[in-house]
Amino acid sequence: MAADDVVWPDELFTDLDRTGPVPLYFQVSSRLEAAIRSGEIPPGARLENEIAIGHRLGLSRPTVRRAIQELVDKGLLVRRRGIGTQVVQGQVTRQVELTSLYEDLQSSHQEPGTKVLAHEMRPAAEDVAQALGVAPGTDVVYLRRQRSTDGVPVALLENYLPPEFSDITTEQLEARGLYQILRARGVTIRIANQKIGARRAHGDEGELLDIDRTGPVLTMERVAFDGSGRAIEFGHHCYRPDMYKFETTLVAK
């Protein structure tokens, strides 16, 4: 057992019913789920491998594997390359409102981190030009950042900004959220058009998000405008589904 593998209380599995109608995998997954949700097994804790768990509980590896998979499917556990099976650090729940991920992490008392992967001027492609209301080929600011919480990658953020924001520095982007930087310059985002979706990861997204190479990701595309109706930001982002979810309130008319 590794030094940081979780050791659950002995009584957690002492009452497994090995002859009753309830499948053993379900009994194991239910007890683990309760321990995770109560904090008895804390966020970030790493489970032993399936063989070791099966040996300790006197269960077959397929039974243990199915129990673990139940919790992976519920978003409570995640399998990470080179690390093993780990309790999810805590999913970010984001209201579908005009906020930034950086601010959402701060408001939920999580520690946001930023790694700037690209920060450059580049000619605007047709979709970017249309979103920002500039001529195709106009040099615009391109940003690509990896956002993490408590050291665990959560999202990849790609943003395009009008050229007058070319003096935003990498140091500012690493220390603060983009909307915070814009507000400090007197720019207030008033309205945005937003699309939420899902797809498979491609390119280096799987590696940067620490998920399977073509695993599923949540996506968001947003065009944000200031009070005068001028486009200030065009972004398309992807998020780890086990670490992130959108939430909204629907009201009947």
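A residue is buried under 20% relative accessible area, exposed over 50% and partly exposed in between, with a 1.4 Å probe and protein chains only. At 13% relative accessibility, Asp-242 therefore counts as buried. The model is predicted: local features need pLDDT of at least 70, side-chain atom pairs count only at pLDDT 80 or more, and totals for chains, interfaces and linings use all residues. Residues are numbered from 1 along each chain as its sequence is written, and side-chain values use heavy atoms, with hydrogens and water left out.

Asp-242 sits in the loop between β9 and β10 (244-247). Helices (H or I, at least four residues) and strands (E, at least two) are DSSP runs, numbered from the N terminus. The side chains of Asp-242 and Arg-240 are joined by a polar contact of 2.7 Å. Such a contact is a pair of N or O atoms within 3.5 Å; within protein, one must be able to donate a hydrogen and the other to accept it, and residues adjacent in sequence count only if both atoms are side-chain atoms. Arg-240 and Asp-242 also meet in a salt bridge, at 2.7 Å from N to O. Both residues, Arg-240 and Asp-242, are buried.

Side chains of opposite charge can pair when their charged atoms come close. The criterion for a salt bridge is a side-chain nitrogen of Lys or Arg within 4 Å of a carboxyl oxygen of Asp or Glu. The structure holds 11 salt bridges. One of them pairs Arg-144 with Asp-204, with the closest N and O atoms 2.8 Å apart. Arg-144 lies in strand β5 and Asp-204 in the loop between β7 (189-200) and α8 (205-209), so this pair ties together parts 60 residues apart in sequence. Arg-144 is buried, with a relative accessible area of 15%. Asp-204 is partly exposed, at 32%.

Arg-230 and Glu-164 form another salt bridge, at 2.3 Å from N to O. Arg-230 lies in the loop between β8 (216-226) and β9, and Glu-164 in the loop between β6 and α6 (170-175), so parts 66 residues apart in sequence are tied together. Arg-230 is partly exposed, with a relative accessible area of 37%. Glu-164 is partly exposed as well, at 38%. Elsewhere, salt bridges that share partners join Glu-50, Arg-61 and Arg-65 into one network.

The structure holds two aromatic pairs. Rings of Phe, Tyr and Trp (its six-membered ring) pair if their centres lie within 6.5 Å; planes under 30 degrees apart count as stacked, over 60 as edge-to-face and the rest as tilted. The rings of Tyr-142 and Tyr-160 have centres 5.1 Å apart and planes at 45°, so this pair is tilted. Tyr-142 belongs to strand β5 (residues 139-149) and Tyr-160 to strand β6 (residues 152-161), 18 residues apart. Tyr-142 is buried, at 4% relative accessibility. Tyr-160 is buried too, at 10%.

Tyr-160 and Phe-234 form a stacked pair, 6.0 Å centre to centre with 25° between the planes. This pair links strand β6, which holds Tyr-160, to strand β9 (residues 231-239), which holds Phe-234, across 74 residues. Both Tyr-160 and Phe-234 are buried.

The criterion is NZ of Lys or CZ of Arg within 6 Å of the ring centre and within 35 degrees of the ring normal. Arg-122 lies over the face of Tyr-142, at 3.7 Å from the ring centre. Arg-66 lies over the face of Tyr-25, at 3.9 Å from the ring centre.
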